[in-house]
Amino acid sequence: MPAPSGLGRIFFWSVPLQAHPTGSAERREVSFAHVRAAHAGQGQGTIRRIIGLTLRHPWQVAIALGSTVVAVSFQLSIPILLGQAVDQAQGVLESNAGTSALVMTGLMLLGASVMRGIFTLLQNYYAEAVGHHTGHELRLAVYEKIQRLPFSFHDKVHSGDLITVGMLDLEGVRVFFSTALLRVVLLGMLIGLGAYLLISTDLVLGLLALSFVPFVAWRSSASQLQLRATWLTLQDKLQVLSRVMEENLGGIRVVRAFAGGRHEMEKFERASADALLLQHERVILRVRATSMMTFSFFLSMGLVLLVGGEKVIAGEMTVGTLTSFLTFMTILQMPVRQLGLMVNGFARASTCGARLFALLDTDVEIRDRPGARPLAAESGELRFENVDFAYPSDPTRLILKGVSFAARPGETVGIVGPPGSGKSTIAHLIPRFYDVTGGAITLDGQDIREVTLESLRARVGVVQQDPFLFTTTIENNIAYGDPWAKEPRIERAAESAQLHNYVMGLPAGYKTVVGERGASLSGGQRQRLTIARALVLRPSVLVFDDSTAAIDAGTEFRIRSAIKRFAKDRVTLVISHRLGALMHADQILFIENGEVLERGTHDELLALGGRYRALYDLQVRPEADLREAG
Ligand SMILES: Nc1ncnc2c1ncn2[C@@H]1O[C@H](COP(=O)(O)OP(=O)(O)OP(=O)(O)O)[C@@H](O)[C@H]1O
């Protein structure tokens, strides 16, 4: 990103970007402490909180407000000068007086217009700057919050809804200063001072000139509030549309495979038709309000012309004063119409802000405890001590019940069991994606809840069931956990994961960009890439959560041999449905309904003749028998 220069530097501040050592990615080194501090204080009024955020840019706010005051003063001088000019021009025509006074007034009028223009520009520029700075900070704060939200939150909230909060709601808060707060000053001054000038010049004509104000103010506010209500419903409808589209794109292969195109189209059309109906309703609301406001304005203007014209004819008022009145009215018309926008700005900011702050205030249950220390790096012994666990969404249903086991560095623990028995849940608990509800998990004797999350996650590498890849190069995908990893380390990890030869065969090698979510790779290649990603971290505990399911037996064997060398001083957990993937483990746990039913080595479990044996007979023996027979 090029550094901003000139005016841009005043508007934006540059965020230092640190180049990724591999040269192909960028990492931001930004501290969010100040942003987080600005969000402290749950329960404060939403609008007060937004004003607090805005005031974090005091000099920009001051320039915007100061410019508004000066611009309004110049704007209000224009009708006065215009009236004066008309009277002077009439004087020149009627009594052949000199034109110097008229020229002077003309020049003053020009000067006032230019000054008004300059200060309005400054007002708009700095109002936007405040909004963009606030938006930038909030975006970072929301994104940072999303990075820290616990898995239990993501279990409950649709990611599309989070995106809406991060985009639409944030926008409602971002524009608060320019559309609402600054308008209070702008409209307050224009309407207040304008009304005073009109009434102090001529009470009756002043009241007539202002007669459209209450009606237009009411109509504009009422219609804006109605528009806002329909806008919120429209957002819900559009959200449904984006969910339908998001799901369709995410599951595009399922849709095609099951020829679901027509059904998907019908779903989309229904959601789109709902949105269309609402948009139509909004257009009618807007057009009706605009025509009523325009009509009432011109009605008032007609009355002013009628009464004012009679006063001019009767010699009670000059043509210039009447011109001032009409110009004042024209100047006032826009701000009065904008009162509705101001009311809308407040309403929008308060609903959007409430949702945004609710997200920012969400309690992060999984976080460092006060006084948490980094995990002390020792041998890396992993222990599950009588672990109970229930997912926060269903706290009464125990998924794990009294699970205990220990693994010393260099040991491999195999975990097998029927679907839904709780195997992946064990994998989720080690890096603290969730906290245990009973018992404890320790690493080198340290309860993992008592150490910092960052140090824990740096020591635990989990290869998930579902291999997720980023749309970037193979190199960056492998080095995701440690962007400063040097090429030889990345290549060694890829070699262990049996991916190196494949990558070297690609024209761009490690610089090959994988498509969206790794769509250009096969299932097995994606899994091998995620294995390499975990190996780069050189973790103390390596967890394979059914992560070789898409890999053929030969490749899996080679990966296992390579990892054996790699994992000689680490704990390895292998979760799999296939016994072939974990038969070699030093200890195998057979899990059912969240309980360890059997444990031992492969031979011990076979000799036990229990559930493991039954699974072996079902899965492995027929193949072995067939091989022998062949
Ligand atoms: N995020 C979650 N929230 C609530 N319940 C969950 C969640 N994830 C899993 N479960 C439930 O916990 C139980 C154990 O799930 P888990 O994924 O650990 O099983 P598993 O043994 O790994 O299954 P599989 O072999 O099919 O991958 C299941 O009944 C599942 O429905």
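This is a predicted model: local features need pLDDT of at least 70, side-chain atom pairs count only at pLDDT 80 or more; totals for chains, interfaces and linings use all residues.
Q: Where is valine 142 found, and what is it in contact with?
A: Valine 142 is found in helix α5 (residues 100–148). Helices here are DSSP runs of H or I with at least four residues, strands are runs of E with at least two, and both are numbered from the N terminus. Contact means that two C-beta atoms, placed from the backbone, lie within 7 Å. Leaving aside neighbours within four places in sequence, valine 142 is in contact with Gly166, Leu170, Leu359 and Leu360.

Q: Why is threonine 233 called partly exposed?
A: Threonine 233 has 15 other C-beta atoms within 10 Å, so it ends up as partly exposed. The residue is found in helix α10 (residues 212–250). Its C-alpha atom is separated by 29 Å from that of leucine 187, 46 residues apart along the chain.

Q: How do you know that residues 175–197 are listed as a transmembrane region, and what is their secondary structure?
A: The listing comes from UniProt, in an unreviewed entry that also gives 59–82, 102–122, 289–307 and 313–332. UniProt positions are in the numbering used here, feature names are shortened, and annotations may be inferred rather than shown by experiment. In the model, residues 175–197 are 96% helix and 0% strand, with the end C-alpha atoms 31 Å apart. Residues 289–307 come out at 100% helix and 0% strand, with 27 Å between the end C-alpha atoms.

Q: What makes the contact of α8 with α9, and at what angle do the axes cross?
A: On the α8 side, Ala195, Leu198, Ile199 and Thr201 meet Leu203, Gly206, Leu207, Ala209 and Leu210 in α9. Those residues divide into seven nonpolar, two polar and no charged. The axes of α8 (residues 176–201) and α9 (residues 203–210) come within 5 Å and cross at roughly 145 degrees. Axes are lines fitted to C-alpha atoms, for helices over the stretch in contact, and angles run from 0 to 180 degrees between N-to-C directions.

Q: Why are β4 and β7 called edge strands?
A: Two strands pair if DSSP finds at least two bridges between them. The open sheet has the order β4-β3-β6-β7, with antiparallel pairing. β4 (400–407) and β7 (446–447) each have a single partner strand, so one side of each is left without a neighbour in the sheet.

Q: How do you know that β6 and β7 pair?
A: DSSP has to find at least two bridges, and β6 (residues 438–443) and β7 have two, in the antiparallel sense. Leucine 443 stands opposite glutamine 446 in β7.

Q: What is the pairing in the six-stranded sheet?
A: The pairing is mixed, in an open sheet ordered β8-β9-β10-β5-β11-β12. β9 (residues 541–545) and β10 (residues 571–575) are parallel over five bridges, whereas β11 and β12 run antiparallel, also joined by five bridges. In the hairpin of β11 and β12, asparagine 593 takes a positive phi near 50 degrees.

Q: Which residues are closest to the ligand, and which helix gives the largest share of the shell?
A: A residue is near a molecule or strand if its C-beta atom, placed from the backbone, lies within 6 Å of it. For the ligand, 13 residues surround it, and the closest are Tyr391, Pro419, Lys423, Ser424 and Thr425. Helix α14 (residues 423–429) gives the largest share, three residues.

How values were computed: Residues are numbered from 1 along each chain as its sequence is written. Ala, Val, Leu, Ile, Met, Phe, Trp, Tyr, Cys and Pro count as nonpolar, Asp, Glu, Lys and Arg as charged, and the others, Gly among them, as polar. A residue is buried if 20 or more other C-beta atoms lie within 10 Å of its own, exposed if 12 or fewer, and partly exposed in between; C-beta atoms are placed from the backbone.
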